[in-house]
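Visitor: I have a structure open here and would like to go through part of it with you. Shall we begin?

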Amino acid sequence: MDSELIHQIRNQACDLLESGTVKGVIGYERASDGLTARPVFAYEPAAVERLVFDETCTHNLVKYLLDKKAEKMAVVVKPCDSRTINLLLNEKQIKRETVFIIGVTCPGVVETSWNYKGQTLQARCQTCQFSKPLVYDFLAEHEPVERPKGELYLNIQEMETKPIMVRRNFWLEQFEHCVRCYACRQVCPGCYCPQCFVEQLDPLWVGIRIAPKENELWQIMRAFHLAGRCIGCDECQRVCPVDIPLSLLNRKLEKEVKELFDFQAGLNPEGQPPLATFKKEEELGFEE
Amino acid sequence: MNLEYQPKVVGFLCNWCSYVGADMAGTSRISYAPNIRILRVPCSGRVNPMLLLKCFQQGADGVLVSGCHPGDCHYNEGNYHARRSLALLRDFLDYLGIAKERLRVEWVSASEGQRFAEIVSNFTTELTKLGPRSES
Amino acid sequence: MKLFIFKEEVIRWLDQLLRERILVAPVQVQGSTLFQPVSKVEEIAFDFGNTTLSPKGWFLPSTEVLFSVQSNDGQPKLVPATVEKDAVIFGMRPCDARGIALLDAPLLREPGDTLYQERRARTSIIGLSCRHVQPECFCTSVGSAPNDPNHVDILLTEIENGYLVQVITEKGKALLPEALAESEETLPPPLEPQAVPVKEVTLAIRELFNNPYWERLADRCLHCNICAYVCPTCYCFDVRDYSNKGNLERVRSWDSCQAPGFSQIAGGYDLRTTKGARLRQRFYHKLLYFPEQFGAVACVGCGRCVKSCPVNIDIREVMSDLQQLEAKSGC
């Protein structure tokens with residue numbers, strides 16, 4: 001654990017709370033297993049002693065800003081999380097002046113679950129392009145750390161080369177495991193619809209039945225609704241209780257959006273996301 | 001009785017161009033593969049990817065979405081959005097095991113009755129060769 | 001002398017049971033172990049801590065059709081759901097068995113949930129004592145134990161080469177293969193999971209309804225359905241009617257009080273709109289309402305919620321916090 005980094009975060013948080021600049025600071029604290037991290041909301045200066053930052057801080061805390069729109073809050077963000085801030089600014093879900101962003105230079109996070117801390121960096125960290133948050137009000141800096149420069153989309157390409165029926169059966173089996181807990185949706189900062197399509201009664205897209213066809217609709221359409229919006233934090237995959245490889249789904253669309261529209265989500269708080277705009281002349285495979 | 005495999009095809013045709021084009025094929029007495037069931041929508045841009053996925057789930061072997069030529073959309077931009085959205089969807093469905101050849105996107109104007117007939121017959125032939133969706 | 005069964009004999013025995021009944025057992029599925037009907041005894045995972053989802057899913061499935069109404073050419077025909085075969089669940093931990101027994105209280109009282117009732121009657125339970133305590137376990141604090149023989153039909157305890165067999169009920173006796181060996185081995189000493197203060201929690205929680213503790217705790221809650229779905233004693237469900245080409249099915253699926261909109265009623269009114277209210281509801285149901293109605297806390301200490309919660313909302317911590325809060329307020 002980098003104690004210098006943590007002191008910077010704690011001092012900044014304390015200043016913000018003591019001065020009343022923010023109502024609360026959303027950060028990380030030690031979980032009940034004494035090993036991993038969990039989100040914490042510090043509302044009093046004394047509470048900042050609980051703040052930590054280490055390689056178990058996998059959670060994307062930006063989601064919580066959507067529950068706290070009425071107050072100014074501070075949030076601790078890793079580079080990937082900062083892209084979420086840009087996404088939500090772009091989609092007018094949060095106002096820049098109601099967020100104080102405590103950015104952290106991140107050496108990557110490891111696989112974690114309760115009472116378990118992995119040894120290797122998460123797949124998303126191995127291909128991460130950013131060592132510093134893209135937007136912040138205060139930067140807590142770490143010494144630069146060598147991170148493996150993995151090649152993007154290797155596992156997607158591997159899936160693409162498999163015969164189509166192998167892919168079909170793979171995904172059918174995965175969707176069978178889904179129990180529709182919606183943890184993937186609830187943890188995702190990009191999923192904030194007041195009424196999710198899966199809960200709509202009219203038109204009835206999915207319904208409450210937990211069965212392969214319904215699960216397939218749910219999974220595919222959630223991924224599709226995130227096309228061009230998902231910033232690849234892979235939190236959905238982490239929280240899934242039955243280990244569905246959601247990253248394999250979302251990254252495919254991320255790759256397609258990049259190839260077709262030369263666009264990556266969360267880099268810019270301004271501008272038009274690809275599915276909200278168009279070019280009059282563009283070749284997307286449907287030429288006459 | 002023809003016992004060979006007959007693909008089930010669903011077509012989403014935009015009201016202003018493609019549907020009229022299909023109608024023209026009819027009034028001109030042009031024959032084309034009868035496997036298609038046509039649904040009239042106001043614009044190709046209105047076609048929700050969920051609808052297409054449901055078609056495949058409910059037994060469609062192929063889905064055709066047809067709209068006005070880019071630049072001629074009755075609502076100015078609907079077909080541009082359809083073009084982007086369906087390009088993504090087609091690649092994504094292929095990745096999920098629904099062959100990209102099963103989702104066809106075409107631009108048919110109101111006067112292109114002959115062309116509509118050719119498109120549908122051609123699509124149906126392709127689908128017959130591909131086989132039922134549940135098996136490929 | 002205790003009854004004993006060799007490991008190879010267990011395989012043969014289960015194989016025999018499989019011929020006449022559905023055999024539900026722990027199976028390795030990707031990264032988790034889950035209770036599933038097996039077609040071959042080889043599929044069973046014998047060495048496991050506990051499953052990700054509890055075995056309540058056998059008695060109260062995550063989704064089922066309650067009945068269907070078939071259009072039948074204009075003469076509507078009601079087709080109730082039926083339970084096809086007898087079943088046996090192998091490998092249920094004592095905490096989970098207690099969980100099923102707790103579910104009986106709300107689900108079997110008059111008028112009784114017919115499908116649950118029938119599955120309960122036609123399913124035998126072969127329990128499996130725990131050889132290891134998981135870090136999240138606390139069964140002894142809530143009325144169970146790693147070797148608790150209550151609520152199963154047979155309890156197996158693994159020792160070298162096989163299992164000691166305790167026959168608990170007549171139903172269990174009927175399951176056993178003919179002649180079982182005997183062993184002079186004694187049951188191993190009981191394991192000791194972590195103790196959690198639970199004694200005063202029902203009294204404490206009664207006084208804390210309006211305490212800001214709940215909104216604070218709920219700050220990090222995602223309001224997904226994981227805790228309710230993995231829990232052996234949560235049983236909320238939703239019922240909807242779906243029709244397809246004139247045939248109607250009444251479908252029941254699991255639901256969770258944590259989900260936003262769970263308590264929304266006709267007209268749009270929702271009595272638990274805040275995160276704190278929803279989170280509070282789950283703990284109140286488990287630690288106050290259920291004990292007041294049925295006499296026991298609706299928690300068996302399996303620790304699944306602790307293990308699976310993406311943001312580490314830990315019921316042991318909550319129970320401890322509540323008792324401390326109540327003590328501090330000096331009542």
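Visitor: What kind of unit do strand 3, helix 2 and strand 4 of chain A make?
Guide: In this predicted model, strand 3 (residues 73-77) of chain A, helix 2 (residues 79-90) of chain A and strand 4 of chain A form a right-handed β-α-β unit. Right-handed means that, with the strands pointing away from the viewer, the path from the first strand over the helix to the second runs clockwise. Helices (H or I, at least four residues) and strands (E, at least two) are DSSP runs, numbered from the N terminus.

Visitor: How many bridges join strand 3 to strand 4 of chain A?
Guide: Five, and the two strands run parallel; pairing requires that DSSP finds at least two bridges. M73(A) has V99(A) as its bridge partner in strand 4 of chain A.

Visitor: And which residue of strand 7 of chain A is the bridge partner of V104(A)?
Guide: That is A140(A). Strand 4 and strand 7 (residues 138-140) of chain A pair in the parallel sense over three bridges.

Visitor: Why is strand 4 of chain A largely enclosed?
Guide: Because five of the six residues of strand 4 (residues 99-104) of chain A are buried. A buried residue has 20 or more other C-beta atoms within 10 Å of its own, the C-beta atoms being placed from the backbone.

Visitor: Changing topic, which residues of helix 2 of chain B does helix 7 of chain A meet?
Guide: P49(B), M50(B), L53(B) and Q57(B) meet K213(A), L217(A), I220(A), M221(A) and F224(A); contact means C-beta atoms, placed from the backbone, within 7 Å.

Visitor: How are the residues and chains labelled?
Guide: Residues are numbered from 1 along each chain as its sequence is written, and chains are lettered from A in the order in which they are written. As the model is predicted, local features need pLDDT of at least 70 and side-chain atom pairs count only at pLDDT 80 or more, whereas totals for chains, interfaces and linings use all residues.

Definitions and conventions:
A residue is buried if 20 or more other C-beta atoms lie within 10 Å of its own, exposed if 12 or fewer, and partly exposed in between; C-beta atoms are placed from the backbone. Two residues are in contact if their C-beta atoms, placed from the backbone, lie within 7 Å.
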